[in-house]
There are 2 protein chains.
Amino acid sequence: MGKVTFGVDIGGTTVKLGLFGEDGCVLDKWEIPTDKEDKGRHILPEIAESILAKMGERGLRQEDIQGIGVGAPGAVDDEGNLTAGAVNIGWPPFNIPDALKAYINVPVMALNDANAAAFGEMWQGGGRGCHSMVLVTLGTGVGGGIIVGGRILAGATGAGGEIGHIHIEDNETEQCGCGNRGCLEQYASATGIVRLARRRLAQDDRRSLLREGELSAKSVFDAVKAGDDVAMEIAERFGDYLGKGLAAVAAVVNPEVFVIGGGVSKAGEILISYVAPCFQKYVFAPCSGTKFVLARLGNDAGIYGAAGVIQCGGHSSVQPQ
Amino acid sequence: MGKVTFGVDIGGTTVKLGLFGEDGCVLDKWEIPTDKEDKGRHILPEIAESILAKMGERGLRQEDIQGIGVGAPGAVDDEGNLTAGAVNIGWPPFNIPDALKAYINVPVMALNDANAAAFGEMWQGGGRGCHSMVLVTLGTGVGGGIIVGGRILAGATGAGGEIGHIHIEDNETEQCGCGNRGCLEQYASATGIVRLARRRLAQDDRRSLLREGELSAKSVFDAVKAGDDVAMEIAERFGDYLGKGLAAVAAVVNPEVFVIGGGVSKAGEILISYVAPCFQKYVFAPCSGTKFVLARLGNDAGIYGAAGVIQCGGHSSVQPQ
């Protein structure tokens, strides 16, 4: 048997772990709770313990391990330093590989969790076979992860790919979570779609399935699929905002493909049918061939990407800062 | 003496050439006219002839030459293929290094001219010492060149860094040269500033130095320096558009620095004083430390960058597609 790799994705509630074979296939995956007590100081030891237990269970020795990749919820530089800590799990700034190696002495690389997801989607998901892609994560917020030339574009301060905070609307009165007004995230995230829906429903009394039950991104796209006119108008607004934002991204990095992931993307291909035509309306012609595909790895993208940066042997980032 | 490098920048009117020492300093620079007859078929032979003449003049032999870098006015991939030709000079698609090597058998690399300028500014100009920067060229149009991790971001179809075609204004009736409406280029280029000025002057009869003589980006910034209130309003509009556009760029690639070049940048630091505060208004907070500097190499940026990609030994691009 060739060497195996562990991919770890540290989230606010659970830590996802995966064991990958040399061919990039997942052999095993599991989760442990994220222990946020004492400023998260138990998280890394518990990850190490869980990996060591899995090694014992499968009779793996240290020399069988190619390495461990770790995706963390904060900005991470090329040396694996969590440069500004990770607020969600209480972590201060520190060097993740050094800390983990104190428990298991194998090669360790760390990277930002959103970038890990992007790398995973390129390695084994919707962007497979591409050299450049942008993962667009439509969840509570709008996140992004950019790969160019097979490498993660982390950015000078770890904010590369923060496409949710592109200014897209001059006439916005409400604030985005970041403090600005008119960010893409305010219209294209799950909560943004609900805001668009509320505003549309308040405009008139037109009948709509959306006037019953709880509003959500899912209920909007379910209503679209059921042929609801008002829901379609909302989806058009969403598509216009996201298409405009992604056209800006295309003019900057000119990727081969946009991979659309996150909870909102569960709506499926219908979501792309609203975004792609609007993208064409705004895009610079030489970028008009940019493809749109759905993400394929779901919540596993992070463990794939964390393992992938180990297996691909490269740096996790093009930005050595 | 160590090996020397030639940097070549092919423009629509002249071809600029430079001879560079091992330390990256320019030893000599000169120009030849761009011979566009017969679909530009004489351009490369004339460049070769000019380089061979310079070698003769300086007693340089083939083994003294580290290589020749060529910046061309079209999209160029990593192998030096001019993928879609170069309309301005009549060139069809072909492989530039192979063609030039037929005349001088030394290492040759080719890249897009705007990307060459960006690489030059990072290597020896305003972005020196940085790993990531965006060159913003404010000329007849608005161009861009992006460097991340020390490498040029060329893009999947060579349209990386085309920041002039970010959609920035929903309420525009006139078309941009690209066919869209509301591109950054329509407000932040030399011609865009004149448009903004015309629109402002037509609004009312307020006295302004700009009502005399010919309108140009230069006359607007000269009037700003002379304390003209109407010119200041125009500069504020310009600053708001460019600040908004660059904030979008920062949210995508998060560079260390914006290097501002092109004819409009001859206005000097006052230009930055109008852009930087507007950038702060729109930028995602983690990118707020992005620096603004003026380009330093002027029209020589292209020959520097073309020589630089040879001397830095790397690929001209992070995008191997």
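A residue is called buried here if 20 or more other C-beta atoms lie within 10 Å of its own. Ile303(A) has 30 C-beta neighbours inside 10 Å, so Ile303(A) counts as buried. Please keep in mind that the model you are viewing is predicted.

Ile303(A) sits in helix α10 (residues 301-311) of chain A. Leaving aside residues up to four places away in sequence, Ile303(A) touches Gly7(A), Val8(A), Asp9(A), Lys16(A), Leu17(A), Gly18(A) and Lys29(A).

In chain B, Gly143(B) belongs to strand β7 (residues 142-148). Gly143(B) has 25 C-beta neighbours inside 10 Å and therefore also counts as buried. Again setting aside residues up to four places away in sequence, the residues that Gly143(B) touches are Ala114(B), Thr137(B) and Gly164(B).

Each of these two residues can also be paired with a residue from another part of its own chain, as the table shows.

| Pair | Separation in sequence | C-alpha to C-alpha distance |
|---|---|---|
| Ile303(A) and Phe6(A) | 297 residues | 8.0 Å |
| Gly143(B) and Ser189(B) | 46 residues | 9.0 Å |

Next, a pair of helices in chain B. Helix α7 (residues 217-225) of chain B packs against helix α8 (residues 229-253) of chain B at an angle of about 120 degrees, and their axes are 8 Å apart. Because of that angle, α7(B) is oblique to α8(B). The crossing in which α7(B) passes α8(B) is left-handed. Where do the two helices meet? On the α7(B) side are Val220(B), Phe221(B), Ala223(B) and Val224(B), and on the α8(B) side are Ala231(B), Met232(B), Ile234(B) and Ala235(B). Sorted by class, this contact has eight nonpolar residues, with no polar and no charged ones.

Now for the two chains together. How many residues does each chain give to the contact? Chain A gives 40 residues and chain B gives 40 residues. On the side of chain A that touches chain B, the largest share is seven residues from helix α8 (residues 229-253) of chain A. That side of chain A divides into 21 nonpolar, 15 polar and four charged residues.

How are the copies related? The same surface serves both copies, as 100% of the contact residues of chain A recur in chain B.

Definitions and conventions. Residues numbered from 1 in each chain as written. Chains lettered and ligands numbered in written order. Predicted model: local features only at pLDDT ≥ 70, side-chain atom pairs only at ≥ 80, totals over all residues. Contact = placed C-beta atoms within 7 Å. Helix = DSSP H or I, 4+ residues; strand = E, 2+ residues; numbered from the N terminus. Nonpolar A, V, L, I, M, F, W, Y, C, P; charged D, E, K, R; others polar. Axes fitted to C-alpha atoms, helices over the stretch in contact; angles between N-to-C directions. Parallel < 35°, antiparallel > 145°, perpendicular 65-115°, else oblique. Left-handed = near helix turned anticlockwise from the far one by under 90°. Buried ≥ 20, exposed ≤ 12 C-beta atoms within 10 Å, placed from the backbone.
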